[in-house]
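Biologist: I would like to learn how to read salt bridges in a model. Please take me through some cases.

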Amino acid sequence: MAGRINDEDVKAVRDAVPIDAVVSDYLQLRNAGGGNLKGLCPFHDEKSPSFHVSPSKGFYHCFGCQEGGDTLDFVMKQEHLSFSEAVERLAAQAGITLRYEQGGYGRASQAGERTRLVEAHKAAAEYFVEQLSSPEAEIGRRFLGERGFDQAAAERFGVGYAPAGWDHAARFLRGRGFTDKELLASGIAQDGRRGPIDRFRGRLIWPIRDITGEVVGFGARRLREDDQGPKYLNTPETPIYRKSQVLYGIDLAKKDIAKDNRAVVVEGYTDVMACHLAGVGTAIATCGTAFGEGHIKILRRLLMDNSRSEVVFTFDGDAAGQKAALRAFEDDQKFASKTWIAITPDGRDPCDLRLEEGDEAVRELVGGRTPLFEFAIHSVVAEHNLDTAEGRSAALEAAVPIVGQIKDGSIQHEYAVRLAGLVGIPDEQFVVRRVATLARWQREGGRVRGPAIQLRSPAHRAERELLKVALQFPQFVAPAFDAYGEDEFTGPPYAVARRTIADAGGTESADDGFLARVREAAPDDAVRALVTELAVEPLDLPRRRQREAQLYAGELLVKVRLAAVERRATELESTARRLEAQGDPGAGAVRQEMWTLQQYRTALLGRGAAALYG
């Protein structure tokens, strides 16, 4: 068995690979202020960025789903890796040779399953590329050439060829040290009567890479008439390949998608190649499945859902293609408002268009896009006979729900007016009211949720901010903060966070390992996630006051203490009145405590944080 990775090497890996560099492989990050970055969370579906990264502290936290941790936590969660696999992956990126506790250097003799499957795919991809230059692969080279792709294009996209024999690739991979079990698990091979045989035989091969550029599967195109298999054969579902969560070309397109705020969705591998070679570097395609929710999540994280972002679908305009484009966004109409349709002339795909009319025609195809909602409305209305009153009524009822799904009120109104004209109804306001009524019903239907306690309410703001300062700038609140009781934090989770800081030694003992100690002292994962969240969230300071963090810390100490004093004073006033009504002599002592408390309140108001130190 492989030994445990040396602790010093684990620390070296954490230090060597910046967390923002790792996260940027999966989503677009933008400035969040205070030295932090933000983007759309890769762990849950969200419409606006709540995922924050703190490069200086090496932590990330999502304020939407509460996922948080360090670089290794992120890689483990995102790629479904074990701890050792995550360390090995980042070590390979950083060029660090790992040591294992049982001795020896390099990768463990029995690396994790995912690591081994990725290595098998990398080796297989290299093998297929080599085979494309073989005499047998002439048919594959001719196929590429007939579609306008030369050798340089094939190399750019890693296109290869799988020999027609039963087990050429399997034997090659066995020679590289991969077991039959690994070959079958990878999907590169399948069970035969005498052992594993190649899944892809006599076909042109496209490597399918994840967003980080690692090969996780293959797409294979039939070349010969005697091949009885499907036109395109893809890797089956495996531990590293899920077709609903993979987009072909995303590794090549992700930077342009983020830069141009646009993604172009095409139907196949050759269409992606044609678009990229024509200068549309944002093109991607699904891998043998309809465009769905998982694909939307990938693109949203790159596009950031800002007002300028676009997703452009290209297809031949048939009924199946139209329905696929509309269905993709049934549950996500906010994203749909930024979605466009580009119908290819005469039913040609981008590959054929480029071959017949050149690169400029492909670029014009994308440039001539139509908004999804406009396309959807026209498509639905076209299915009805507008020459009859019954047909116009049916068309209106079919199209109104589409317009009602538009979240932007001004755009919704504009499309309602357009719909009235399209259907031929003179009373525009009738259509506008019909749409508005349906939209309101859709909005109010079935959305009842909310946390038991609003921790971000004004009542808890100072407590939250004070805890953030204590974790991010402990030197600004020590030692006064350590004297604050849990009862001074009225939000129960905040009270537990205060206790956790105390259990970790308090702010006065803060050093480089302070945050790590606080996270370790957390009683459960929920508190640990809250600590990470508070350590990453920027202080709620205007930009002009960013340099006044120390002064801000003093203000927060006073606010939280004053609030506690006010609560205590209210309690004492109630107690004193009750005792006085009963003629109890103890009321005098309570009034004396109230006087002392009032003096302390006056000192806090007059001297500020200085009053906390005597």
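**Reading salt bridges**

Modeller: Start with Glu 593, which counts as partly exposed at 36% relative accessibility. Buried means under 20% relative accessible area, exposed over 50%, and partly exposed in between (1.4 Å probe, protein chains only). This is a predicted model, where local features need pLDDT of at least 70 and side-chain atom pairs count only at pLDDT 80 or more, while totals for chains, interfaces and linings use all residues. Residues are numbered from 1 along each chain as its sequence is written, and side-chain values use heavy atoms, with hydrogens and water left out.

Biologist: What is a salt bridge, and how many does a search of the whole structure find?

Modeller: A salt bridge is a side-chain nitrogen of Lys or Arg within 4 Å of a carboxyl oxygen of Asp or Glu. The search finds 38.

Biologist: Which residue forms a salt bridge with Glu 593?

Modeller: Arg 568 does, with the closest N and O atoms 3.0 Å apart. Glu 593 lies in helix H26 (residues 587–607) and Arg 568 in helix H25, so the pair ties together parts 25 residues apart in sequence. Helices are DSSP runs (H or I, at least four residues), numbered from the N terminus.

Biologist: Where is Glu 571 relative to Arg 568?

Modeller: Both are in helix H25, three residues apart, and are therefore separated by about one helical turn.

Biologist: Is Lys 468 buried or exposed?

Modeller: Lys 468 is buried, at 1% relative accessibility. Lys 468 forms a salt bridge with Glu 537, the closest N and O atoms being 2.7 Å apart. Glu 537 is also buried, at 9%.

Note on methods. Helices (H or I, at least four residues) and strands (E, at least two) are DSSP runs, numbered from the N terminus.
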